[in-house]
Every structure is written in C-alpha cells, then in structure tokens.
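Let's take a walk through this structure together. Have the model open beside you as you read.

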Amino acid sequence: MAPKLTMDKFASLCKRRGFVFQGSEIYGGIGGFWDYGPLGVELKNNIKRAWWKAVVQERPDVVGLDAAIVMNPRVWVASGHVETFADPMVDCKSCKRRFRADELAREHPEPEAAHGHAPLAYPTRCPECGGELTTPRMFNLMFRTYVGPIDVEAEFTRAIAELQGEDWERASARIRDLKDELDRATAYLRPETAQGIFVNFDNVLTTSRKKLPFGIAQIGKAFRNEVTPGNFIFRDREFEQMEIEFFCRPGTDEEWHKHWVEERYKWYRRYGIREENLRVRRLDPDELAHYAKDTYEIEYLFPMGWSELEGIANRTDFDLKRHSEFSGRQLTYFDDETGEHIVPYVIEPSAGVDRCLMAFMMDAYDEEEVRGETRAVLRLHPALAPIKVAVLPLSRHEDLVPVARRVWDLLRPHFMTQYDDAQSIGRRYRRQDEIGTPYCVTIDFDTLQDEAVTIRDRDSMAQVRVPIANLVDALKERLADCL
Ligand code: ATP
C-alpha cells in the first residue's frame, strides 16, 4: 500500500504539529536548511537512539565515535572529494531553472531516436519549458570555509584598492599571494561522516583493542551544497548521517556486505516500515561511486517514487590505503593468525536521519473512519514516538487539576510526556493520535473517588482503568519495547 500522504500534506502536518520548520523562516527561509521543532527533535533523537542501540549497544563488534566536523583539508584530497565530489549541472537558457543533469537523465530520458544517444545521456531540453539546456558543468558539493580570522572579502577588497594604478604583473603577483594565503586557510564542512572514522582507525583500534572484524559507528551532521535541494527534507544542504565503517578481512567482504544489507533492512522493519514500501536495490556498475566495488541501496516508496534511504557500499581498502598514502601513517591491522599487516576491507552502511524521519512518519500515517469522522493517526513504533504518554484531565475543573498535576509529576521522570487540558477530550485524543502518542492517561471525576485513571491505547482506542499507584508500572510494561 502506498503512503496516504502527499508531500504537501506531510510538510503541512510537520509544520502544524511542530516537527519541522523552514530554516530562518522569519527571514524568508534559506534553501536546503530546516529546523526541527519540539516534536521533531524528539523523533530524531529517538531514531538516532534506535540506530545506536541496534548497531552499537546490541552488537559485540561495533564501537562508537564522534569526530569533528571540520577536518584537515588533506582528508578531502585523499578521499577524492576535492577532485570528484561533484554533480553535473545544467541551466535552462530560457527559464533559467537549474537541474542536476544525472537526475534529469533518469527522470526524463530523451527518446533515443531524437538524439541517437544511450537513454541516460544528458538531456538537451528543459523539462519545464522546453528551452535549450546548457551543457553540464561540474559543481563541487563541499561547503568551503576558512580557518582562522581571515576575511576573504575584506582581503580582496583591500588588494583591489591597493592595486589600482599598479602594473599588471605586480597586480597578478599580489592576487596570487592572496590566493595562496586563502588556500592555506581553506577547510571544508564535512560532506559525510565516514572520513572521520577512517582517519581515527588506528586510534580506535589501539584503544578499544578490537579484533577484525569490527566496526566504528558515528552519527553527525554533514553538509553538501546540493544543486537542487528539495522534496522537503529529503535533499538538504545540512543533514545528519548515521554511518558505520565495518572493517573485515579481504575475502570476507562479500559475506559481510550481505550481512549488513540484511541487518539494516531488518532495522527498518523492526521500527515499523511496511514491507511493501521498502526495497533493496543493487546498483548497476555505472552507478557505483569511484571507491565502491558493489553497493546496495535500501529504498523507500516516497510520494515522488522509490528513493534512497540508505546506501550500503563495499568500499574495499580504498580509504585506508589512500589515507596511509596521503598522511604517511600506516593504517593497517596486525593479523595474529598470519603474522602479517593487512589493510582491511570496509563495508559501509550509511543512512540519513532526515530521510529516516520522513519515511518513519509517512509510513506510520493512517486515516480511518471513527463514528463518521476521519481520525488521522501516526502509528509510530512506541520507541520512536516523540511523546510516550499524554496526561489529560477531563476538564479544567478545580478539583481535577491538582490530581492531574500529581499524575503528571509522577510520570515525567520515567517518560517523555505532554500535559494537555485545552478543548474537549475528543479533540485532545485526536491531537495525540496525530503526533503518534501511544498512550493517553485521563483523569476524571471518578479518579477523585477511586484514585484510578484511564489508559487509552492509540491504535485500538481501548481504555483500561488503572490505580494511580500502579500507573508507572502499567505504562512501563506497555512501553517495554522502548529504549
Ligand atoms: P543521493 O544519490 O540521493 O544524492 P547519495 O548516494 O549521494 O544520495 P550517500 O553519499 O550514499 O548519498 O549518503 C548516505 C546517506 O546520506 C543517503 O542514503 C541519505 O540518506 C543521506 N543523504 C545524502 N545526501 C543527503 C542530502 N542532501 N540530504 C539528506 N540526506 C542525505
């Protein structure tokens, strides 16, 4: 079954309920940057926790890392990002729209007869207005920054002012010096978290005393100056990644690759994504990145079609070898069995937190008829739900409020909660359903007599009465699957 949400409806739900806001909205926004509201940050944290639990806590062979976002720029020369991390880009000469040429080629293949190229040849006509497209230009996706107190614009302005009236040779020498100075200060915001892991391979190996095979996991921000950010939070310029570099003996890499594809697929299923909306696709050889021997993608059926949630690549020994070569430090593993130093092969499961958030929410979204009304409900796995328990006094009656507050105080140390006393109880149930809260606790006038409350289940809407004294245990039992 396809998700019932269109992208517009999803974006509006995210905004209305405080999951995702446009970045710097009051200034008109900024393309490709998003802010996560009170519920969004909870959901994101829960996704990251669920991932960390599955790949670090529950495994004997993976440890964590949190490396810096800005790294020595030579890292990106060694990794190939300075040279090859670029997307081909075309502009429409008529309407001035800009597109990623490879995406256009896939989405709007031009009929072979029309130009005589293979179907994936770059298109020559704008899909929006039919105007002529420029030939593709490569566009480096890394965000550049300068380390240290250097003000590029001021430096150039000063140099230009000084050079007025100077001869051409002196002017160009001065500009060259300035360029060298800037080059020395240039750094990049990391476009992936992976390289922080490779450069720490030896540090982690010696301090954790892990034996092959073992992995290093990391969650963190990544930045890409995407040519065409879009599809809401699907393609951003600032986003978060959850990556594992799993080091294994050469020759066992294919087996471990298979293992990780299965593990990662199971993770999405464990946290509720429906089978019919999830698929694994093996990339064609012409789609592989320069470092990859083989890659699988886990894809989700988003409103715009099947799209990548996670890539699982066999990166071979490419990265460790390149960093050894560029840094002069041997990044090898001493193999007790053979007495040799080997360069491990690497399997890399790499997922995006923002895309996961989208997929988990979209997949959980449901609408059903209840007593002639449409009930929108987010059937999120309880471990992911931003709010676990809502405390709802039947009304703001002065006798109910102190008891409801007492119940809320009791629950807050144990669960992420929300207290809501605005509008009718029916409206409040609907509000909690729409944000995926698994349980509502209602305090009514009977509570004043029997010291018991009602627990209402989001999915079945069934209600049970529980003494306040047993409430925490009753909820813990129901939320046992949470982290
Ligand atoms: P795409 O083909 O969609 O550009 P990619 O193959 O470049 O993605 P990877 O480099 O494999 O992506 O990154 C691993 C994961 O990081 C992706 O599967 C995705 O979930 C996430 N990711 C990559 N780029 C972005 C982005 N611009 N915005 C949000 N998430 C992203």
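Predicted model: local features only at pLDDT ≥ 70, side-chain atom pairs only at ≥ 80, totals over all residues.

The crossing of α7 and α8 is right-handed. On the α7 side, V152, E155, F156, A159 and L163 make the contact, and they meet A171, R174, I175, L178 and L182 of α8. Sorted by class, this contact has eight nonpolar and two charged residues, with no polar ones.

How do the two helices lie relative to each other? Two packed helices are described by the angle between their axes and the distance between the axes. Here α7 (residues 152–163) and α8 (residues 168–185) pack at about 165°, and their axes are 10 Å apart. Because angles over 145 degrees count as roughly antiparallel, α7 is roughly antiparallel to α8.

Next, turn to the ligand. Of the 16 residues around the ligand, the ones that come nearest are D236, F239, G311, S350 and G352. At least two residues of this shell come from each of β10 (238–248), β13 (305–316), β16 (345–352) and α13 (353–364), and β13 gives the largest share, with four residues. By class, the shell holds nine charged, four polar and three nonpolar residues.

Finally, look at a few backbone details in the loops. In the loop between β9 and β10 sits N231, a residue other than glycine with a positive phi near 55°. N231 is partly exposed, because 16 other C-beta atoms lie within 10 Å. M461, in the loop between β22 (452–457) and β23 (463–467), is not a glycine but has a positive phi of about 65°. With 14 other C-beta atoms within 10 Å, M461 is partly exposed.

How values were computed. Residues numbered from 1 in each chain as written. Near = placed C-beta within 6 Å. Nonpolar A, V, L, I, M, F, W, Y, C, P; charged D, E, K, R; others polar. Axes fitted to C-alpha atoms, helices over the stretch in contact; angles between N-to-C directions. Parallel < 35°, antiparallel > 145°, perpendicular 65-115°, else oblique. Left-handed = near helix turned anticlockwise from the far one by under 90°. Contact = placed C-beta atoms within 7 Å. Buried ≥ 20, exposed ≤ 12 C-beta atoms within 10 Å, placed from the backbone.
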